[in-house]
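Colleague: Can you walk me through this one? I am new to reading models.
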Amino acid sequence: MTSTPDFLDGNAAAGDLESLFGIDMTMAFGRCSGCGAQMMLAETHAYLDAPGTVLRCPGCDNVLLSLVHSPTHMWLNTGGLDYLKVPVPQ
């Protein structure tokens, strides 16, 4: 029997991230502060059933980014990323 993963790929977080940044963030590139893996946000593991959206490193499961929103505010934590390189819209 095969178990189904409890996560989606990072593309599942595209809408939430675009609502904050105003651009498609799935092609943004970052490095995990836990294991040093480098990846596009589209390649991360997305957990959408937490309070908000959580993106984890596919290599070490470190929390890279979390985004929580209420009707009046949004909170973004990128503490698990050494950097986030965002393509400039052309």
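Modeller: What follows is a short chat about the core, one glycine and a strand pair. This is a predicted model, where local features need pLDDT of at least 70, side-chain atom pairs count only at pLDDT 80 or more, and totals for chains, interfaces and linings use all residues. Residues are numbered from 1 along each chain as its sequence is written, and side-chain values use heavy atoms, with hydrogens and water left out.
Colleague: Which residues touch the most other members of the largest nonpolar core?
Modeller: Leu17, Leu41, Leu55 and Leu64, in a core of 14 residues. A nonpolar core is a set of buried Ala, Val, Leu, Ile, Met, Phe, Trp, Tyr and Cys residues joined through side-chain atoms within 4.5 Å. Buried means under 20% relative accessible area (1.4 Å probe, protein chains only).
Colleague: Which strand gives the largest share of this core?
Modeller: Strand 6, residues 63–69, with three residues. Strands are DSSP runs of E, at least two residues, numbered from the N terminus.
Colleague: What does strand 6 pair with?
Modeller: Strand 7, residues 74–77, in the antiparallel sense over four bridges; pairing needs at least two DSSP bridges between two strands. A hairpin of four residues joins strand 6 to strand 7, and Leu67 has Leu76 in strand 7 as its bridge partner.
Colleague: New topic. Is Gly30 buried or exposed?
Modeller: Buried, because its relative accessible area is 0%. Gly30 sits in strand 2, residues 29–32.
Colleague: What is Gly30 in contact with, beyond four places in sequence?
Modeller: Ala37, Gln38, Met39, Leu81, Tyr83 and Leu84. Contact means heavy atoms within 4.5 Å.

How values were computed. Buried < 20%, exposed > 50% of the residue type's maximum accessible area, 1.4 Å probe, protein only.
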